[in-house]
Amino acid sequence: MHRRDVLRGGVAVGVAGLAGCAGLFETESARSRERATTVEDREEEVYHPTHREGATTVGTGGEGRYEVILLYSVPHGFWTVSGSETNLVEIPDDASAHLMATIWDADTETVLPTANVSAEISKDGETVDSRDFWPMLSQNMGYHFGDNIGLDGDGTYTATLDVGAMQARGLGDLAGAFAERTTVEVEFDHERESLGGLAYEEFPDEQGEAAALDPMDADIPVAQVPARDDLPGSVVGTGVSGDADFVAFLPDETPEFVADDRTYLAVSPRTPYNRYPLPFMNLSAILSQSGETVFEGALDAAVSPDFGYHYGVSVESADSALSLRVDAPPQVSRHEGYETAFLDMSAMKLTI
Amino acid sequence: MDDTGRLTRRQFAKAAVAIGGASALSACLDRSGGPDLPQGSDDLAALPDRQHAWNEFLATDDHGNDVAPRHHVLLFLDYASEGSPTDDDRETAESAFESLERAYPRSHDSDGETRVGLVFTVGYSPAYFERFDADLPGSVDLPEPKALASFENPDLDAQDAVVHLASDYPEVVLAAEEALLGDQSELNGVEMAADLSGIFERAERRTGFVGDGLPAENQDVRGVPDSEPISEDAPLYMGFKSGFRKSQATEERVTIQGGPFAGGTTLHASRIRLQLRQWYEQDSRSQRVGKMFCPVHADENLVEGAGDNLGDTALMDEKGCPAHASDDARTKGMVGHSQKSARAREDGSPIILRRDFDSTDDGEAGLHFVALQREISDFVATREAMNGEDLAEESAALGQKNNNGILQYMDVLRRGNFLVPPRDLRTLPEPNPE
């Protein structure tokens with residue numbers, strides 16, 4: 001028998017074991033679990049998913065100010081995004097779990113939009129899986145990194161996570177931090193039984209409606225941005241595009257890199273219902289006075305301990321009519337309910 | 001395998017390269033009886049001055065692209081003694097290398113087709129030159145290896161030397177390695193006049209293959225999905241052709257022009273782990289084409305199969321890909337690997353010559369990226385262009401790896417830099433020979 005066959009055999013048992021646990025669920029549930037969604041005729045908006053999969057914390061780790069929490073759930077389908085195209089990712093036969101990492105700052109507890117997280121999963125010194133996680137957006141976790149992975153039966157695993165530098169400008173206490181990559185090791189025990197026993201809930205009535213799941217009820221940092229009225233600054237306009245809410249505002253505290261005679265224009269695009277920030281998008285602002293364009297330029301990704309992930313630019317004055325143009329929609333993989341929204345995003349004239 | 005579960009001769013032979021050693025070789029030869037090759041050269045003085053002058057011995061495909069030898073071994077060696085090498089060692093080692101040249105032809109004609117017998121280069125690391133009091137001349141750019149992206153963390157090679165052996169025959173690279181190390185005294189009917197035992201110790205061996213069909217035959221490794229997604233016409237694991245004539249530097253461009261090592265080149269060897277489960281299971285064909293080549297290649301369906309339809313060019317300049325990299329990053333949040341790399345060209349021509357090959361070392365899909373360039377800084381410039389950190393910097397949508405070419409699927413585990421001297425200085429050279 002080849003080594004690979006041995007592995008394959010082991011993994012096959014894992015899946016069978018899982019299917020055994022799933023005896024709790026009806027056949028219909030088991031079938032829907034294999035699909036990313038069963039909602040037909042989806043609108044280009046956020047919709048309530050068909051089901052919710054429970055997740056559990058498998059371990060935590062840290063290095064300097066980097067804190068990592070690792071969670072998993074049963075494997076599930078999702079969509080990768082390149083440009084405005086999505087690609088449905090189905091669950092391979094040998095997937096054992098959907099592994100997710102959230103990275104946050106130990107000092108400010110801000111969830112970090114690090115550039116990338118790769119994981120090498122090993123058991124007894126043997127690598128069983130290695131890959132770069134996708135940046136992802138899900139209705140119960142918001143922005144995180146993850147993918148379906150194959151494990152090799154019950155036992156103790158080590159996840160060696162390579163965490164990239166932050167791909168956004170840090171403001172306030174985040175200024176200058178997280179400019180270097182780091183490695184974090186998280187050890188975890190895996191039992192098929194505990195994974196198979198996680199909550200699984202279906203929503204036959206709500207599925208497909210314009211709504212979203214609540215953020216998961218767990219003591220982990222979730223990247224949620226403040227409601228419009230709670231933003232620490234003066235709102236200069238709001239808009240909607242691709243079912244995302246956009247709030248433009250002038251923070252009370254102007255970041256240090258902005259010259260004294262200038263203003264920091266911040267734009268916070270967020271998901272409806274849950275106010276998760278939308279990372280990895282290209283956004284341009286156009287300011288005009290009496291029909292004349294006085295500023296047109298790209299906004300940079302930034303993260304603030306007070307108002308989270310946003311896009312911002314230093315401008316002479318924001319005392320003008322503001323339009324926003326989405327040059328590229330959020331390049332983040334989507335879980336069910338987010339895969340049709342935030343893709344076709346038209347320009348907006350912001351209004352108060 | 002055939003239906004009895006026995007490996008076919010071909011499967012066995014290439015598995016043997018990865019395994020290595022006398023037993024693998026003898027098992028290989030027992031099965032095949034060895035390839036029927038003429039002996040090598042009697043007139044060693046007629047061989048090219050440049051060790052890296054391989055192209056004239058390679059077959060070309062229908063489009064004029066050079067076809068790389070199919071089987072490769074990178075033999076990393078440490079000089080066995082302290083301090084700087086002795087003249088005795090130098091003479092013995094040179095005699096061993098000459099024996100290889102007498103044993104096998106660089107190439108020969110087999111049923112009307114050019115096939116590579118044995119080509120090889122010998123290179124030396126910065127660590128090797130530390131053995132001497134004198135420094136390398138300014139005409140040689142050979143810095144210590146280092147990480148070449150903010151997101152990589154490679155181990156750095158400090159072996160003294162590397163021998164890159166390549167052949168169209170798996171048995172030949174194996175036998176040459178055995179003979180060099182003193183484990184075999186005769187090679188293709190030619191007595192080895194000497195070997196490297198006692199002079200060099202083997203520090204590491206890396207093996208692999210490149211060419212149509214080989215990745216498909218070798219896809220039962222970690223890092224490739226079980227669905228066997230790699231097609232028969234793919235020369236590399238990622239499913240696409242590379243080494244288009246217009247994507248390769250000429251041997252002249254990578255040759256050192258002046259100083260004592262004129263006629264030599266530099267070699268960068270990186271060991272890269274390929275993570276192709278996402279590539280094949282989670283990206284669409286369109287995403288793969290866009291990420292490997294350029295978004296316009298996906299939009300306009302320019303690539304058929306592995307890309308043989310492209311002829312001798314990846315259509316980078318023709319489609320304005322390098323010039324559009326910044327725009328694509330902005331408006332698509334995505335850029336292609338070739339598109340980025342093509343930004344490192346000089347007057348429209350590439351500055352590195354790829355001699356890379358895929359690998360099953362350690363049971364995982366890998367790529368040994370061997371590149372030749374006049375100066376290591378040419379490699380660094382090309383790699384920086386390929387990293388696209390500048391593009392990710394100005395485009396929030398473009399990840400440092402996500403949708404940024406193929407960076408997401410590659411993990412650089414090791415990097416090493418070597419000087420490949422001209423042939424007459426290939427054996428234990430001093431840093432500043434007269």
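Two residues are in contact, or touch, if their C-beta atoms, placed from the backbone, lie within 7 Å. This is a predicted model: local features need pLDDT of at least 70, side-chain atom pairs count only at pLDDT 80 or more, and totals for chains, interfaces and linings use all residues. Residues are numbered from 1 along each chain as its sequence is written, while chains are lettered from A and ligands numbered from 1 in the order in which they are written.

**View 1. Contacts of B:Leu276.** Leaving out residues up to four places away in sequence, B:Leu276 touches B:Gly223, B:Val224, B:Tyr237, B:Met238, B:Ala365 and B:Tyr409.

**View 2. The largest nonpolar core.** A nonpolar core is a set of buried Ala, Val, Leu, Ile, Met, Phe, Trp, Tyr and Cys residues joined through C-beta atoms within 7 Å. A buried residue has 20 or more other C-beta atoms within 10 Å of its own; an exposed one has 12 or fewer, and a partly exposed one falls in between. The largest core holds 110 residues. B:Val163, B:Leu165, B:Ala176 and B:Leu276 touch the most other members. Helix α5 (residues 170–180) of chain B gives the most to this core, seven residues. Helices (H or I, at least four residues) and strands (E, at least two) are DSSP runs, numbered from the N terminus. Another core, of 104 residues, lies apart from it, and includes A:Ala244, A:Val247, A:Leu299 and A:Val313.

**View 3. Helix α10 of chain B.** This helix spans residues 321–331. B:Cys321, B:Pro322, B:Ala325, B:Asp328, B:Ala329 and B:Arg330 are buried in it. Their cover includes β18 (282–289) and β22 (321–328) of chain A, together with α9 (295–299), α11 (337–341) and α13 (389–394) of chain B. B:Gly333 follows α10(B), with a positive phi near 65°.

**View 4. Where chain B meets chain A.** Here 35 residues of chain B contact 34 residues of chain A. On the chain B side, α7 (276–281), α8 (285–292) and α10 each supply at least two residues. That side has six nonpolar, 18 polar and 11 charged residues. Ala, Val, Leu, Ile, Met, Phe, Trp, Tyr, Cys and Pro count as nonpolar, Asp, Glu, Lys and Arg as charged, and the others, Gly among them, as polar.

**View 5. The two domains of chain A.** Domain 1 covers 3–202 and domain 2 covers 228–349, with bounds from an automatic or database domain assignment. Their centres, taken over C-alpha atoms, are 29 Å apart. The contact takes 39 residues from domain 1 and 35 residues from domain 2. On the domain 1 side, β9(A) gives the largest share, five residues.
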